[in-house]
Amino acid sequence: MLIAIAAHLVLAALLPLIARRWGKVAFLVGALAPAATLGYALTGTGKALGDQPPTESVAWAPDIGLEFTTRFDALSLIMILLVSGIGAVVLCYYFFYAKPDDSSVARNSALLTMFAGAMLGLVLADDIISLYLFWELTTVCSFLLVGGDGSTKKLRRSATQALLVTASGGLAMLLGLILLGTAAGTFRISEIIADPPDGSVVTAAALLILLGALTKSAQVPFHPWLPGAMVAPTPVSAYLHAAAMVKAGVYLVARFAPAFAGLPAWWIPIVVLGLWTMVLGGFRALREHDLKTLLAYGTVSQLGFLMVLLGVGTWISAVADATLILAHGLFKSALFLTVGIIDKRTGTRDIRELSGLGKRWPMLAIFATLAVLSMAGFPPLLGFLGKEVALEALLHGDTKDLLLLVGVAIGSVFTVAYSLRFLTGAFRTRKDAEPIPATQPGVGMSTMVALPAIAGLVLPFATALLEPLVAGYADDYVTRRPSYELGLWHGITGPLVLSAVILLLGYGLFRAAPVLVPKLSGWVPGPLQAQRGYRYSVAGLEWVSHAVTGRLQAGSLPTYIGVILVVMVLVPGGGLLAGVDWPGELRWFDSWLQLPLAILVVAATFTVVLARRRLTAVLLTGAVGYGIGALFIVDGGSDLALAQFLVETLTLVVFVFVIRRFPPRFIEERHFIRKDRWVKAGISVVAGLFVAVVAVLVSASREPGMPAASTAYIENAEAETGASNVVNAIIVDFRAFDTIGEIAVLAVAATGAASLILARARSRSAQRDSPDDDPAGRSEPPDGDSPDSALGARTATDTTEATEVNR
């Protein structure tokens with residue numbers, strides 16, 4: 001499977017070149033990777049459903065235990081059927097959908113193939129870091145696909161909303177995954193599920209992971225990004241918002257649900273928000289006139305249903321969820337592709353304008369009807385099979401499950417109603433309107449619609465193949481499988497009767513919707529509307545960013561340093577000092593020579609604050625550095641002392657050259673009763689004490705003997721580098737890249753400083769040579785003046801600049 005993931009990414013990189021040469025054939029070439037992956041996955045079904053699913057690993061940072069690990073199990077196989085199967089169908093459909101001169105062929109073919117590879121990596125990843133990397137890669141691809149070329153404000157706004165919502169959830173998920181892996185002592189997902197940890201940290205981790213899943217799968221209150229993303233081309237919506245991206249959140253919950261099914265902090269938010277999402281999405285779908293937006297809200301509703309089943313946390317509910325994941329991907333992709341044909345051939349998706357397409361396109365209408373009936377839960381389609389299992393799981397559960405059954409039944413009634421609204425709106429012949437002009441859909445696009453639609457009809461009759469797959473995932477919830485068999489007919493049972501009632505009530509709601517829905521519109525108060533909440537959140541973040549930037553980015557170096565020091569003390573300081581073991585015995589000094597040197601350093605430090613001349617302050621600062629170098633000599637670090645003396649001397653020389661350009665005295669008088677000076681002094685003292693305490697604690701916490709890294713450096717210094725000085729070997733050889741990076745930083749800083757100096761010198765030279773400033777064309781200063789004295793006689797503007805630097 002590692003090769004399959006790599007093949008997707010490599011092919012995605014090559015597709016722009018293929019598109020440049022052969023145009024939209026790039027979509028057919030891109031379909032090869034997911035199609036081959038699907039075939040390979042099907043041949044390995046037996047291994048995936050076995051007791052030991054196959055795993056593969058590639059270590060990319062073995063010294064710190066980081067590796068990319070894949071695990072091909074039942075849940076991964078279910079997702080691959082959608083990710084690769086529907087991916088291949090959509091890419092082939094896009095070949096027929098795109099115009100020959102479509103400028104987005106190269107971009108969209110590459111992004112869709114890369115997205116398929118990212119989703120494949122996501123559903124196969126068995127380590128936390130790789131899971132997050134592929135998760136965010138799907139987010140980036142989705143942003144680029146939804147935004148398109150960004151030519152309109154609507155495209156940019158929708159893509160940005162999808163990115164902000166899903167990426168923020170992804171960051172929360174990353175923190176939760178790290179907390180979970182740390183608590184479990186492993187970053188392998190399969191090991192965490194096999195032996196889940198407990199405690200308050202795990203509860204916080206579960207909530208953070210859920211936040212990432214809820215944002216990705218468009219659950220309330222994060223759902224508005226999904227209908228907004230319908231600005232993307234219809235094939236993109238069919239893949240991202242039916243089979244792939246929105247399923248990522250469901251997959252994440254399904255992956256960790258066996259470990260946390262009994263944790264209240266896990267299942268309560270899932271069932272509450274999932275049920276709310278299911279009902280709200282169904283209601284909003286009944287209000288829409290755009291077929292694509294109607295399907296988008298239907299997707300929101302169905303995703304809520306899937307989340308509720310995962311929150312129930314039983315074997316039967318897991319079987320139902322796995323079955324409905326397959327069913328939803330099949331019928332929803334078929335319906336999105338149908339909308340693409342309607343939009344392409346008629347130029348509209350508005351059900352108020354469509355008429356007569358059912359008679360004109362009978363085969364497409366049949367395929368769409370199969371998909372709609374599966375979505376509504378009508379027998380004998382796959383949607384009915386999954387919904388009957390779901391009702392079975394809730395009907396024979398505890399009180400909580402019975403309450404959920406009521407909510408699921410209401411949501412299912414809405415599902416039937418908006419399913420009928422879609423079918424009649426797209427294909428009926430209206431008496432009050434002429435049939436809309438439309439060309440034939442074409443065999444190619446119709447075939448791509450037929451494949452998932454017919455699969456939803458065939459699979460319920462192949463339960464011998466389907467049941468081991470969905471039950472293989474559900475077995476992770478229990479140690480002993482219940483005696484329940486997946487099938488279309490179990491007799492006249494409670495779930496069957498309830499399914500019939502839901503269908504009848506759904507039909508009644510569909511008939512009453514034109515009158516009932518407008519009366520109920522707007523029942524959600526303004527402050528509780530999700531889209532308004534998103535706008536307020538973005539506006540609030542923007543206000544906070546302006547406020548923080550305005551106060552912190554004040555153009556004052558002391559302010560910047562003070563903020564850095566305060567954050568250093570408060571953020572890591574609290575964690576470092578909390579619960580630390582303080583050393584029992586501390587020596588004030590090891591040699592009497594340390595006392596006068598320490599006194600010299602402290603005295604010079606306090607005196608530099610009192611200095612009124614710049615040169616005096618620089619010399620006292622140098623005295624501090626030389627004193628520290630002397631302490632290094634006393635402690636036996638002669639090489640460190642030499643480096644300290646060299647750096648201090650170079651710094652002192654540079655300072656002297658620089659301050660020649662400034663007035664000899666500090667401009668402002670130093671009144672020590674000023675409040676800001678005491679604040680600066682307090683921050684400096686606290687930060688200095690913090691660094692000193694941390695240095696003592698770190699030094700005292702060392703275990704006896706040298707660390708393994710130090711021992712390795714000493715043993716290998718002469719043999720591998722030919723150096724007898726271990727420090728030199730570390731700087732020049734073992735950590736050569738770090739040294740090169742530091743040299744590069746210094747070179748960039750020196751280049752910038754030199755550029756500013758040269759620019760200032762050229763500016764002054766141009767001013768002296770300007771005839772406007774000096775009619776006589778003199779190149780020398782006036783009598784009695786020298787360049788140094790001229791520089792010393794600074795203007796008021798230069799004085800102000802120096803004052804601002806000091807502040």
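Predicted model: local features only at pLDDT ≥ 70, side-chain atom pairs only at ≥ 80, totals over all residues.
R430 and D432 form a salt bridge, with their closest N and O atoms 3.3 Å apart; the term stands for a side-chain nitrogen of Lys or Arg within 4 Å of a carboxyl oxygen of Asp or Glu.

Residues are numbered from 1 along each chain as its sequence is written, and side-chain values use heavy atoms, leaving out hydrogens and water.

By the salt-bridge rule the count comes to 11. Here are some of them, with the N to O distance for each pair.

| Salt bridge | N to O distance |
|---|---|
| D126 and R188 | 3.1 Å |
| R430 and D432 | 3.3 Å |
| R481 and D475 | 2.5 Å |

Both partners in the R481 pair are partly exposed, R481 with a relative accessible area of 42% and D475 with 26%.

The side chains of D126 and R188 also meet in a salt bridge. This pair links distant parts of the chain, 62 residues apart: D126 is in the loop between α6 (105-124) and α7 (128-147), and R188 is in the loop between α8 (153-184) and α9 (189-194). D126 is buried, at 4% relative accessible area.

Now to a helix pair, where helices are DSSP runs of H or I with at least four residues, numbered from the N terminus. Helix α14 (residues 264-287) packs against helix α20 (residues 399-427) at an angle of about 25°, and their axes are 8 Å apart. Axes are lines fitted to C-alpha atoms over the stretch in contact, and angles run from 0 to 180 degrees between N-to-C directions. Because angles under 35 degrees count as roughly parallel, α14 is roughly parallel to α20.

Which residues meet across this pair? On α14 they include W267, V271 and F283, and on α20 they include L404, F414 and Y418, with contact meaning heavy atoms within 4.5 Å.

Notes: Helix = DSSP H or I, 4+ residues; strand = E, 2+ residues; numbered from the N terminus. Buried < 20%, exposed > 50% of the residue type's maximum accessible area, 1.4 Å probe, protein only. Parallel < 35°, antiparallel > 145°, perpendicular 65-115°, else oblique.
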